[in-house]
Amino acid sequence: MLDTFVIPLLQIAVLVNALLVTVTFLVLMERKVMGWAQARLGPMRVGPYGILQAIVDPIKLILKEDITPANADRFVFTLAPIMSLVPALVVFSVIPFGPEQPYYIADINVGLLFIISVTSIGVYGIILGGWSSNSKYPLLASLRASAQLISYEIAVVMTLVSVVLTAGTLNMIGIVEAQREAGLWFAFVQPVACVLVFIGGLAETNRLPFDLPEAETELTGGFHTEYSGMRFSLFFLAEYANIIVISAIVALMFFGGWMRPFPNVEALAFLDLIPGWVWFCGKIFFFLYLFVWIRATFPRYRYDQLMAIGWKVLIPIAIGNLVLTGIAKVVL
Amino acid sequence: MADDANQPAEKPSRPAVPPRPGPAAGAAPRKPKPKAPPEPPKGPPDPPPPEGMDPPGFVAALQAGVPGAVAQLTYWVGDWSVIVPAERLLEVARFLRDDSACGFDYCADVTATDWPPRAQRFDVIYCLYSTLNRHRLRIKVRAAEGDPVPSVAGLWPAANWLEREVYDQFGVNIVNHPDLRRILMPDEWQGHPQRKDYPLEGPGEYLMEDPQDWLQVWKLPDESGSEIE
Amino acid sequence: MMTDATEAPRRIGQAFDTDELVLNMGPQHPSTHGVLRVVLRLDGERVVDADCVIGYIHRGVEKLCENRDWTQIVLLTDRMDYVAAATSNLGYVEAVEKLMQVEVPRRARYIRTILAELQRIASHCLWLGTHAMDIGAMTVLLYSFREREHVLDLFEEYCGARLTYNSMRIGGLPLDIPTGWDKRVSAFCDVMETKLDEYEELLTNNRIWVGRTRDIGVISGEEATALGLCGPPLRGSGVSRDVRKDEPNAAYDEFEFDIPLGTRGDTYDRYLIRLEEFKQSIRIIRQAVEGLPEGPVMGKVPRLIKPPAGETYHAVESPKGEIGFFVVSDGRSTNPYRFRVRPPSFCNLQALSRLCKGHLVADVVALIGTIDIVLGEVDR
Amino acid sequence: MLEITPLHYSVLSAALFMIGVIGVLVRRNIIIIFMSIELILNAVNINLVALSDQLQNLIGQVFVVFVIAVAAAEAAVGLGIIIAFYRNKETVNIDEMSLMRW
Amino acid sequence: MEAFVFYLLATLILGLGIMVITARSAVHSVLFLVLNFLLVAILYVTLSAQFVAVIQVLVYAGGIVVLYLFVVMLVSLKKAPELRSDSRRVARTGLLLAGAVLAELIAIVWYTSANGSAPPAQAASDFPPRLAGDAMLNTERLGWVLYTEYLIPFEVASMLLLVAMIGAIVLAKKNL
């Protein structure tokens with residue numbers, strides 16, 4: 001009873017809470033980093049250096065009036081944000097923060113497939129949110145979103161397959177252990193795949209330069225134009241939770257998860273004094289920072305350019321990478 | 001409003017031009033200053049060029065190319081302008097655009113002025129410029145209310161919106177325009193605000209409630225004091 | 001909801017076609033730069049037709065001016081193109097000076113030139129920031145606003161206002177420059193030159209930026225002239241037309257500067273031209289500050305300004321293009337009989353529907369950005 | 001009742017199959033009819049997986065993979081036809097789809 | 001426990017199935033269909049068919065149904081098709097036929113449970129314990145079978161998908 005119910009529930013509670021708190025601080029971090037990149041200070045009013053902004057923002061969002069447009073489909077309109085957030089949270093159940101029990105909730109052997117399939121459900125939130133608002137900008141945005149997310153999913157999955165081929169397992173812990181055995185992060189074994197997954201991840205999470213579904217200067221607010229209050233904050237949470245998911249996947253699959261750099265170099269053994277989950281979180285934060293940095297730097301692609309990149313650049317490279325990996329696997 | 005009602009009303013003839021102001025719009029020209037001159041000005045001086053000053057080559061070319069079209073040639077503070085009758089406007093405009101000596105390929109501005117005491121109350125003014133020869137010329141066309149003024153939007157697409165504005169603000173009857181709609185004022189607006197006889201004070205909140213008939217509403221206080229048409 | 005099928009059910013045998021979607025872009029939209037409404041007819045995301053609806057902030061400035069006396073109008077001109085108030089001031093006062101045949105002292109003309117060019121830099125900063133923002137590059141906005149802030153500080157020091165300067169008078173200037181102001185202006189020029197490189201680094205060679213602007217809204221020189229485009233959009237199509245060179249006003253005839261011209265007439269060319277104009281403006285300011293003559297800043301004008309009866313049109317080059325003032329005096333009143341402004345934004349906006357056709361929705365935003373409109377001036 | 005036998009799965013599958021059949025027969029919206037067909041395919045899949053588990057034989061699951069492939073193909077072509085039809089006749093009512101050509 | 005999970009899932013699956021075919025709006029139908037598929041996927045997991053479960057979610061819920069949703073959004077109707085025709089008669093026929101199918105199925109069930117011949121009802125203890133470990137086994141074995149014994153059907157299926165893809169493009173593209 002304790003093992004089957006209480007401990008997993010506790011783990012889930014801790015993880016979800018940690019995740020939500022991380023999201024609020026991620027928003028703060030984004031605003032701060034953007035501020036520094038843009039020669040300004042970012043939030044400074046609430047608390048020292050604006051740190052309490054992370055707490056005030058969610059409170060503000062929750063207390064705001066939750067408006068449903070007059071002609072919206074109320075049922076779908078309410079369901080959409082939930083459908084968007086739930087997959088993002090569910091994915092974390094198979095993301096290991098360390099190799100032993102308290103650091104993961106579930107260790108399933110098709111872990112990577114599970115992650116891919118669950119994240120593919122997240123697209124419903126965006127499509128339905130845009131459709132149910134009964135408004136033109138959200139509709140255009142959700143049409144864009146569905147095409148974009150599905151196209152880039154193909155590229156990302158194809159790329160991940162080549163990593164699976166390298167690791168020889170679909171199990172997330174197994175993939176990290178494979179990197180220990182190889183003595184090398186897969187970022188060096190599969191550099192192309194690493195870049196592809198990160199680029200695809202940018203598109204999957206609707207971040208600049210691929211933030212077309214919510215391009216505020218074109219489609220006002222994109223699919224969540226008509227959302228406000230709590231429902232909007234669910235979308236918001238989902239977006240940032242997805243960013244953390246992508247960062248975690250990249251960290252796990254290409255940067256050795258909880259392992260220190262160069263896991264088989266004995267001279268660096270003192271780095272093991274830092275616990276594995278700290279390494280993992282540090283890597284996640286590096287990629288979160290990268291997300292923000294990219295947002296501060298690049299303009300936005302146009303829709304047709306985005307699709308062209310997805311189909312004409314990323315997918316062929318992913319397939320080529322897969323074929324090369326297969327050949328290498330057979331030859332070596 | 002009362003002092004305006006006492007002034008003698010000008011009643012220019014108004015053929016049916018849609019849309020046009022309500023009956024009272026043509027009442028006395030309103031002056032904001034109490035010591036406004038008793039007689040409104042009758043028109044611009046349009047002075048001829050001073051003696052001994054030769055018109056530039058493009059004017060000569062125009063006079064030669066479209067004989068008799070230039071009703072009057074004027075010069076003032078360095079600006080040359082020609083007054084042409086409305087029916088010959090297109091002919092003149094086309095010559096000015098196509099002739100190599102003129103080369104007025106750029107229509108900088110189309111505007112109008114309103115001189116209510118005059119029979120042909122509107123001056124429609126076309127400011128032309130030549131990016132090839134770098135000189136300017138203004139064409140001026142006089143038109144009474146309802147007189148057709150041909151559109152030059154076919155020659156210079158730039159004139160499209162500018163003529164729409166002239167129509168919107170003055171109610172000049174521009175014909176053969178590709179897309180003659182109001183541009184600055186709302187579509188259901190009544191009257192043409194840039195006319196000199198357009199009321200400077202509006203009806204306030206009546207306007208908000210019923211934009212359709214506000215000129216009538218504005219007129220209501222007059223009904224008690226003065227005769228209305 | 002998404003279809004606007006007003007027509008009857010289609011004939012059997014007709015080829016496949018999708019319904020057109022009518023999208024109202026604006027008047028409340030983050031990238032229409034004010035209250036512009038563009039009615040787009042879309043086939044998918046491709047623009048079939050675009051119709052601009054303007055007039056949402058029409059305040060009747062022209063009518064208003066007919067009821068203000070000549071000196072009061074200067075501050076109304078501030079409020080038309082509110083991001084380039086100084087050039088509007090310049091155009092108006094010069095038009096009246098032309099009508100009155102007033103001689104303006106050379107020092108005043110120099111300072112006017114400096115003000116106008118500073119204004120051009122400020123306006124282009126705003127344009128660059130918002131244009132980049134529309135295309136999604138957010139950081140450029142903050143960078144260019146940092147420099148615009150600097151210009152506004154200079155303006156504040158000169159005339160006390162930061163946006164609506166009311167900085168010129170008929171016959172000259174209300175004030176001489178504060179002590180040391182010219183030094184600070186040339187210091188700003190030095191700073192600005194280095195900052196330009198920052199903008200270029202973020203945008204000029206950025207693949208995404210080039211991809212978003214190259215071959216977007218291409219317009220030939222002949223067509224641009226016929227459509228009455230002015231300013232950078234016209235020069236972007238390779239037409240050498242700049243009022244500062246062609247009909248020099250203020251003190252432009254005394255300075256050396258180049259008119260950058262585009263070759264392709266696309267959005268990227270217009271971007272490059274405006275960036276080059278930053279440099280030319282800096283060049284003009286440097287020359288003006290170095291050669292700033294001594295003397296009075298106000299010419300001899302009567303106390304009561306009442307130009308003789310007559311009319312004139314006078315144009316200057318505002319950051320947006322040729323801003324022309326057509327003023328008519330009846331010779332009796334202290335008010336203009338007719339005050340007309342030829343708004344460059346208005347004339348440039350006219351070309352939007354031509355530029356948009358066949359492009360995607362996202363390009364409409366880029367095109368609205370590239371023609372650099374200020375709705376206060378379009379609607380007046 | 002507490003022991004779940006393949007029979008239970010068969011009944012579930014049969015019931016879902018029946019729901020799908022009713023959907024196909026009752027609804028006139030061709031998209032919903034397609035969805036009902038998906039339900040029927042799923043009912044079959046449940047049966048296949050349940051029996052595969054029961055018999056410890058993977059052939060059932062292999063067939064499920066093929067069924068899913070067929071369903072994907074069917075959805076792609078079928079929905080393509082619906083879109084093409086809708087563009088021409090502005091309807092998705094199956095009763096109005098009576099012409100073999102247009 | 002197992003029975004409870006089964007009955008819960010079965011109830012939800014059937015309930016959502018009914019909602020799919022009764023929902024007014026096609027978008028709601030799609031929504032219920034997705035939830036239905038997700039629950040079926042969970043059912044597969046309880047039958048230790050993890051790979052099929054994941055494929056069910058990935059392909060069905062994440063791919064095919066998105067396609068449905070896309071089409072429903074494109075084909076937005078002012079009037080539901082049901083309102084245009086006399087559905088009463090059709091519904092009666094449908095229910096009748098469905099009743100016949102149900103009766104037949106019940107008869108089969110009754111017959112098999114009465115005879116107890118097929119399928120061979122083995123005791124649960126005969127199977128290897130359902131550990132997490134056999135998921136890999138499941139995936140591996142399935143892959144093995146697919147690529148050896150069923151290689152030709154597999155290739156045929158991929159050709160079918162290719163043909164369907166081309167067909168869909170030809171049908172939906174305005175001008176090729």
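# Briefing: strands, helices and a helical contact

Strand 3 (residues 106-114) of chain B runs antiparallel to strand 4 (residues 122-129) of chain B, and eight bridges join the two. Strands here are DSSP E runs of at least two residues and helices are H or I runs of at least four, numbered from the N terminus; two strands pair if DSSP finds at least two bridges between them. This is a predicted model, in which local features need pLDDT of at least 70, side-chain atom pairs count only at pLDDT 80 or more, and totals for chains, interfaces and linings use all residues. Residues are numbered from 1 along each chain as its sequence is written, while chains are lettered from A and ligands numbered from 1 in the order in which they are written.

**Chain B: the strand pair**

- Cys107(B) sits opposite Leu128(B), which belongs to strand 4 of chain B.
- Strand 3 of chain B is mostly covered, with nine of its nine residues buried (20 or more other C-beta atoms within 10 Å of a residue's own; 12 or fewer is exposed, in between is partly exposed, and C-beta atoms are placed from the backbone).

**Chain C: a sheet with a helix across it**

- Three strands make an open sheet in the order 4-5-6 (chain C), and the pairing is antiparallel.
- Its edge strands are strand 4 (310-318) and strand 6 (338-342) of chain C, each pairing on one side only.
- From one strand to the next, the twist averages 15°; axes are lines fitted to C-alpha atoms (for helices, over the stretch in contact), and angles run from 0 to 180 degrees between N-to-C directions.
- Five bridges link strand 5 (residues 321-329) of chain C to strand 6 of chain C in the antiparallel sense, and Phe325(C) has Val341(C) as its bridge partner in strand 6 of chain C.
- Helix 3 (residues 85-100) of chain C lies across strand 4 and strand 5 of chain C, at about 150° to strand 4 of chain C.

**Chain C: a helix pair**

- Helix 5 (residues 138-159) and helix 6 (residues 181-203) of chain C pack with axes 10 Å apart, at an angle of about 170°.
- That angle makes helix 5 of chain C roughly antiparallel to helix 6 of chain C (over 145 degrees; under 35 is roughly parallel, 65 to 115 roughly perpendicular, and the rest oblique).
- The residues of this contact divide into twelve nonpolar, three polar and five charged. Nonpolar covers Ala, Val, Leu, Ile, Met, Phe, Trp, Tyr, Cys and Pro; charged covers Asp, Glu, Lys and Arg; the others, Gly among them, are polar.

**Chain D on its own**

- Chain D has three helices and zero strands.
- Its radius of gyration is 17 Å, whereas a compact globule of 102 residues would come in near 13 Å (taken over C-alpha atoms; the globule rule is 2.2 Å times the number of residues to the power 0.38).
- The C-alpha trace of chain D spans about 55 × 25 × 15 Å along its principal axes.
- Of the 102 residues in chain D, 62% count as buried.

**Chain E and its side facing chain D**

- Chain E has six helices and zero strands, and buried residues make up 33% of its 176 residues.
- 69 residues of chain E are in contact with 65 residues of chain D (C-beta atoms, placed from the backbone, within 7 Å).
- Helix 4 of chain E gives the largest share of the side that touches chain D, 13 residues.
- That side of chain E divides into 55 nonpolar, ten polar and four charged residues.

Technical notes:
Contact = placed C-beta atoms within 7 Å.
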